[in-house]
Amino acid sequence: MKRIPAGSFMMGSHDNQGRADEYPLHPVQLKGFYMDETEVTNADFAKFVQATNYITTAEKSIDWEELSKQVPVGTPRPPDSLLAPSSLVFVPTTGPVNLNDYSQWWEFRRGADWKHPQGPESSIQGKDHHPVVHVSYDDALAYANWAGKRLPTEAEWEWASRGGLKNERYPWGSASVNVAPFKANSFQGNFPQEDLALDGYKSTTAPVKSFQPNGYGLYDMAGNVWEWCADWYRSDYYKQSPRLNPKGPSKSYDPDEPQVPKRVMRGGSFLCNDSYCASYRNAARMKSSPDSGLQHTGFRCVKD
């Protein structure tokens, strides 16, 4: 773990590339803490599973009673075959699609989980040092508790990502993510149909430490996989955030899906592209329900 010093900064987007929930800029002051220098790897997570016999969300059948709270009232129960253990896997499209419709490139695939990132025929053999994926917020929290750590607050994550730089767009400064030498694992080309893999990784995770660390010695704070944070997500939280050690709102609200409580994710992933989300920015926010598992979602831990 790396020591992240106490300090203050202006949290949020400092330019016009930010999305609405990244504003307004607001002052935040944080105490110091320690953060994992890398995302939790497959090898790390395997030790946890071996020690605890933990079963991840993606390895369990979907709980219809829970899912029914997140869909319109009266939605009929799907057949059991559609509630079998599964997770979301990225599938490139054959041509340009509406970028507002993410169902065009995500597929619920039965048998996809942390040990089988692309589905039951895939494996993590030889990928000990890749970040673990298909982990839900609940899975990440269970690991953190076992490790004697915790998940970072959203403010801690952004402060750490900035690595001591002031008001910069990326963890490394202002240089474009698309200019060699490449700074992060991202999607180069025409998203979502053609990843040119100029950074050496074609629509997949990279081993941790494949790119240079930021000023605090942290790797992959941009790209590779999204990282769960402790905070509930609210689109308007920045308008009311306390200045000192903010821990997020008391409950979630996402106007896009008001019935679905969500947690914050940070850092972008190997699927981020300037034409779509550009979420390798320090200020970029994402959100998902705590029981979600995806091929590009992982986490890292902190401790006081």
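Is N53 buried or exposed? With a relative accessible area of 64%, N53 is exposed, where exposed means over 50%, buried means under 20% and partly exposed is in between, using a 1.4 Å probe and protein chains only. N53 sits in the loop between α1 and α2 (64-67). Its phi is near 60 degrees, a positive value in a residue other than glycine.

Okay, some ground rules before we go on. What you have here is a predicted model, in which local features need pLDDT of at least 70 and side-chain atom pairs count only at pLDDT 80 or more, while totals for chains, interfaces and linings use all residues. Residues are numbered from 1 along each chain as its sequence is written, and side-chain values use heavy atoms, with hydrogens and water left out. When I say helix or strand, I mean DSSP runs numbered from the N terminus: H or I with at least four residues for helices, E with at least two for strands.

Let's talk about aromatic rings. A search of the whole structure turns up 21 aromatic pairs. Rings of Phe, Tyr and Trp (its six-membered ring) pair if their centres lie within 6.5 Å, and planes under 30 degrees apart count as stacked, over 60 as edge-to-face and the rest as tilted. Take F45 and Y143: their ring centres are 6.1 Å apart and the planes are at 20 degrees, so this pair is stacked. F45 lies in helix α1 (residues 42-52) and Y143 in helix α3 (residues 137-147), so the pair ties together parts that are 98 residues apart in sequence. Both F45 and Y143 are buried.

Now compare W105 and Y276. This aromatic pair is edge-to-face, with 5.3 Å centre to centre and 85 degrees between the planes. It links distant parts of the chain, 171 residues apart: W105 is in the loop between β5 (86-90) and β6 (106-110), and Y276 in the loop between β10 (263-266) and β11 (285-288). W105 counts as buried, at 1% relative accessibility, whereas Y276, at 34%, counts as partly exposed.

Ring pairs link F45, F48, Y54, W114, Y143, W146 and F299 into a cluster.

Rings also have charges over them in a couple of places. A charge sits over a ring if NZ of Lys or CZ of Arg is within 6 Å of the ring centre and within 35 degrees of the ring normal. R3 lies over the face of Y34, 4.8 Å from the ring centre, and R263 lies over the face of W232, at 3.6 Å from the ring centre.

So which residues touch the most other members of the largest nonpolar core? That core has 27 residues, and the answer is F45, V132, Y143, L151, W228, Y280 and F299. A nonpolar core here is a set of buried Ala, Val, Leu, Ile, Met, Phe, Trp, Tyr and Cys residues joined through side-chain atoms within 4.5 Å. Helices α1 and α3 and strand β9 (226-232) each supply at least two residues of this core, and the largest share, four residues, comes from α3. There's also a second, separate core of 20 residues, including L218, Y233, V264 and V302.

V302 takes us to a sheet. Three strands form an open, antiparallel sheet in the order β1-β4-β13; two strands pair if DSSP finds at least two bridges between them. β1 (2-4) and β13 (302-303) stand at the edges with a single partner strand each, so one side of each has no neighbour in the sheet. Strand β4 (residues 33-35) is joined to β13 by two bridges, and the bridge partner of M35 in β13 is V302. Helix α4 (residues 154-162) lies across β1, β4 and β13, at about 70 degrees to β4; axes are lines fitted to C-alpha atoms, for helices over the stretch in contact, and angles run from 0 to 180 degrees between N-to-C directions.

A few backbone details. A cis peptide bond joins A180 and P181, with omega about -5 degrees, and P181 is in the loop between α4 and β7 (189-190). The bond from F191 to P192 is cis too, with omega near 0 degrees; P192 is in the loop between β7 and β8 (194-195).

Last stop: S269, in the loop between β10 and β11. S269 counts as buried, at 1% relative accessibility. Not counting residues up to four places away in sequence, S269 touches N185, S186, G223, N224, V225, W226 and H296, where contact means heavy atoms within 4.5 Å.
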